Amino acid sequence: MTEIPRTHPRYLSLTMRERLVEGVRLGVTAMQGLIAHGRGEAFDYILGEKTRDFALKAERAAVAMMLLAKHPVISVNGNAAVLVPEDIARLSKVVGAKVEVNVFHYSPERVEKIKNYLEKFGMEVLTACDAVLEGLESARRIVDSRGIYVADVVLVPLEDGDRCEILKKHGKKVIAIDLNPLSRTSRMADITVVDNIVRALPNMVRMAEEMKEWDRERLEKIVERYDNSEVLAEAVREIKEHLEKVADEF
Ligand code: PTJ
């Protein structure tokens, strides 16, 4: 890996890139994951690379929904695996969620590599690939009968595609993490966290540690009051305002 000087003004961003490149080298991250990351980076840039209030609202509602769920599952692809493995392990423990590998660029060998990689961070990982989500054409249809197949709430980080709609058709609630508020997945999810996963997951772990003590009624109120369309609209408005502010500074 290239050594990035800590004093570099783009240190965090460059470190993320290095992790993903290393992920590709290990066979965990898909080459296409680098392109997908570039799209995310661009949105992060125009959001000012910080967690906004609308994202905190979504993160809180997401944690409440996961704590209330009977079978919450965190779906992990090759990007999420290398960017936030420690936080995936922590969140799954605090909210009692299973962790399942689900990828678009599928091969049994790659799924095995992601599982082995994640297990080093002390979590159990489902990869049975013994059930199919009817209605889905892509490889994401291949799921674990103890995981996504029976889940009532699925956390879906970093994907813009066809799965969210089908998960919903199967009666599941979907929480997306996607820096792009315009993506198909962002628009279809029940809760969309428009934040970088490297900030979103640590925030969610912190919130979950506090909220796990709350009674169900309090958590239910948070979920009931949450309005995803409003949050997405706020995200787009804030992007616009941020860009206008930057333009004024030139
Ligand atoms: O590991 P696989 O085979 O499942 O492949 C994973 C990728 C990411 C290649 C696959 O899911 C894909 O092609 O994703 P998309 O359709 O490009 O969507 C990725 C979405 O994640 C985009 O809307 C990006 O804006 C967003 N994104 C990328 N990096 C981040 C992000 N959102 C939050 N945090 C990030 N770090």
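Contact here means heavy atoms within 4.5 Å, and angles run from 0 to 180 degrees between N-to-C directions. The model is predicted. The briefing begins with an open sheet of 6 strands and then turns to the helices, including α3, which lies across β1, β6, β7 and β8.

**The sheet as a whole**

- The strands of the open sheet follow the order β3-β2-β1-β6-β7-β8, and their pairing is parallel.
- At the edges stand β3 (125–126) and β8 (191–193), each of which pairs on one side only.
- In general, the strands of a sheet pair through backbone hydrogen bonds, in either a parallel or an antiparallel manner.

- Strand β1 covers residues 72–76, and 5 of its 5 residues are buried, so that the strand is mostly covered.
- Pro72, Ile74 and Val76 point one way from β1, while Val73 and Ser75 point the other way; all of these residues are buried.
- On one side, β1 is joined by 4 bridges to β2 (residues 98–101), and the two strands run parallel.
- Within this pairing, Val73 is opposite Lys98 of β2, and Ile74 is opposite Val99 of β2.
- β1 also pairs with β6 in the parallel sense, over 3 bridges; here Val73 has Val154 of β6 as its bridge partner.
- Val73 therefore has a place in both pairings, being opposite Lys98 in β2 and a bridge partner of Val154 in β6.

**The remaining strand pairs**

- β2 and β3 pair in the parallel sense over 2 bridges.
- Val99 of β2 stands opposite Val125 in β3, and Val99 is also opposite Ile74.
- Strand β6 (residues 153–157) and strand β7 (residues 173–177) run parallel and are joined by 5 bridges.

- Helix α3 (residues 53–68) lies across β1, β6, β7 and β8, and runs at about 130° to β8.
- Helix α9 (residues 197–211) lies across β6, β7 and β8, and runs at about 125° to β7.
- The 15 residues of α9 should span 21 Å at 1.5 Å a residue, and this agrees with the 20 Å that separates its end C-alpha atoms.
- The buried residues of α9 are Ile197, Arg199, Ala200, Leu201, Asn203, Met204, Val205, Met207, Ala208 and Met211.

**Packing of α1 with α2**

- Two packed helices are described by the angle between their axes and the distance between the axes.
- Helix α1 (residues 11–26) packs with helix α2 (residues 31–46) at an angle of about 165°, and their axes are 9 Å apart.
- Because angles over 145 degrees count as roughly antiparallel, α1 and α2 are roughly antiparallel to each other.
- α1 passes α2 in a right-handed crossing.
- The residues that make this contact are Ser13, Met16, Arg17, Leu20, Val21 and Val24 from α1, together with Met31, Leu34, His37 and Glu41 from α2.
- Ser13 is located in helix α1 and has a relative accessible area of 10%, which means that Ser13 is buried.
- Apart from neighbours within four places in sequence, Ser13 is in contact with Glu41 and Glu49.

**Packing of α3 with α10**

- α3 and helix α10 (residues 216–225) pack at an angle of about 135°, with their axes 9 Å apart.
- This angle makes α3 and α10 oblique to each other.
- The crossing in which α3 passes α10 is left-handed.
- From α3, the contact is made by Arg60, Ala61, Ala64, Met65, Leu67 and Leu68; from α10, it is made by Arg216, Leu219, Glu220, Ile222 and Val223.

- Tyr117 is located in helix α6 (residues 108–119).
- Since residues under 20% relative accessible area count as buried, Tyr117, at 15%, is buried.
- Residues up to four places away in sequence being left out, Tyr117 touches Leu26, Val28, Ala81, Val82 and Pro85.
- Tyr117 and Gly23 are 94 residues apart in sequence, and their C-alpha atoms are 9.6 Å apart in space.

Methods
Residues numbered from 1 in each chain as written. Predicted model: local features only at pLDDT ≥ 70, side-chain atom pairs only at ≥ 80, totals over all residues. Heavy atoms only, no water. Expected span 1.5 Å × (residues − 1). Buried < 20%, exposed > 50% of the residue type's maximum accessible area, 1.4 Å probe, protein only. Parallel < 35°, antiparallel > 145°, perpendicular 65-115°, else oblique. Left-handed = near helix turned anticlockwise from the far one by under 90°.
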